[in-house]
Amino acid sequence: PKTVNETIHSEAALDAAARAAGMRRAQLRGNVTSSTVVAAGQLKSTSPLVTIQVHAPTKAKAEKAADSLADTVIGHVAPYVDEKMRLLRNQITINETQLKAVDRRIATATQQQSLALNDASLSLAEKLLVSTNSNATINNAEQRRATVLADLNSARQLLALAEDVEQSRVVQPAVAGKASATSGRNAAAVGGLIGLLLGGLAAVV
């Protein structure tokens with residue numbers, strides 16, 4: 001919430017919102033606010049919603065200014081989550097590649113073991129040696145597979161969390177209403193600030 005408040009009151013954000021709404025920056029200064037919305041019974045670990053309200057001369061100007069401020073907030077906080085998701089996707093690709101390599105190693109060792117046991121030209125001692133080596137390779141590979149699979153599942157869960165919770169997004173555009181109307185019906189949801197959901201744009205005239 002603090003980051004949202006600082007961002008929407010920055011000169012750059014106000015300039016952009018004023019241009020989008022066809023207003024002067026002075027008309028917005030002092031007429032832009034943000035507040036946190038917490039639902040009844042909401043856990044502290046749940047990301048809260050943050051509303052952004054704009055008071056402007058007309059509904060259209062208020063809506064355009066509010067949407068612009070939402071875009072500025074998203075643009076400010078999105079790079080962190082975008083980079084996090086990029087790294088997680090890379091990790092998932094690496095883990096999937098490693099998993100395929102481990103599976104091939106297990107398949108090769110299993111095949112070699114089977115061929116040796118069915119090879120009549122090999123002595124019992126030679127078959128035992130091949131079987132022992134193959135079993136060691138398979139056991140090591142299976143341990144490696146378990147580790148890689150755990151890493152892969154963890155990366156997938158973190159990516160899902162980043163996409164569903166942390167990623168910034170406009171869920172619904174701003175909707176104008178009278179200055180006295182501050183209910184959720186006049187709020188448009190915006191999502192995600194590094195684990196902190198941003199919600200609610202209220203364009204107020």
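The model is predicted, so local features need pLDDT of at least 70 and side-chain atom pairs count only at pLDDT 80 or more, while totals for chains, interfaces and linings use all residues. Residues are numbered from 1 along each chain as its sequence is written, and side-chain values use heavy atoms, with hydrogens and water left out.

**Overall make-up**
- The protein chain has 5 helices and 6 strands, taken as DSSP runs numbered from the N terminus (helices H or I, at least four residues; strands E, at least two).
- Along the sequence, these elements follow the pattern α-α-α-β-β-α-α-β-β-β-β.
- Of the 205 residues in the protein chain, 35% are buried (under 20% relative accessible area, with exposed over 50% and partly exposed in between; 1.4 Å probe, protein chains only).
- Contacts are heavy atoms within 4.5 Å; among those between residues at least 6 apart in sequence, 66% join residues at least 24 apart.

**Helix 4 with helix 5**
- Helix 4 (residues 59–117) packs with helix 5 (residues 124–166) at an angle of about 160°, and their axes are 8 Å apart.
- That makes helix 4 roughly antiparallel to helix 5 (angles over 145 degrees; under 35 is roughly parallel, 65 to 115 roughly perpendicular and the rest oblique).
- Axes here are lines fitted to C-alpha atoms, for helices over the stretch in contact, and angles run from 0 to 180 degrees between N-to-C directions.
- By class, 20 nonpolar, 10 polar and 13 charged residues form the contact of helix 4 with helix 5 (nonpolar: Ala, Val, Leu, Ile, Met, Phe, Trp, Tyr, Cys and Pro; charged: Asp, Glu, Lys and Arg; polar: the others, Gly among them).

**A closer look at helix 5**
- The end C-alpha atoms of helix 5 are 61 Å apart, which agrees with the 63 Å that its 43 residues should span at 1.5 Å a residue (1.5 Å times one less than the number of residues).
- Buried residues of helix 5 include Ile138, Ala141, Val148, Leu152, Ala155 and Leu159.
- The buried residues of helix 5 pack against helix 4.

**Helix 2 with helix 4**
- Helix 2 (residues 11–21) and helix 4 pack at about 145°, with axes 8 Å apart.
- Helix 2 brings Ala13, Ala16, Ala17, Ala20 and Ala21 to the contact, and helix 4 brings Lys61, Lys64, Ala65, Ser68, Leu69 and Thr72.
- These residues divide into 7 nonpolar, 2 polar and 2 charged.

**Valine 73**
- Valine 73 lies in helix 4 and is buried, with a relative accessible area of 2%.
- Threonine 3 is 70 residues from valine 73 along the chain, yet their C-alpha atoms are separated by 8.5 Å.
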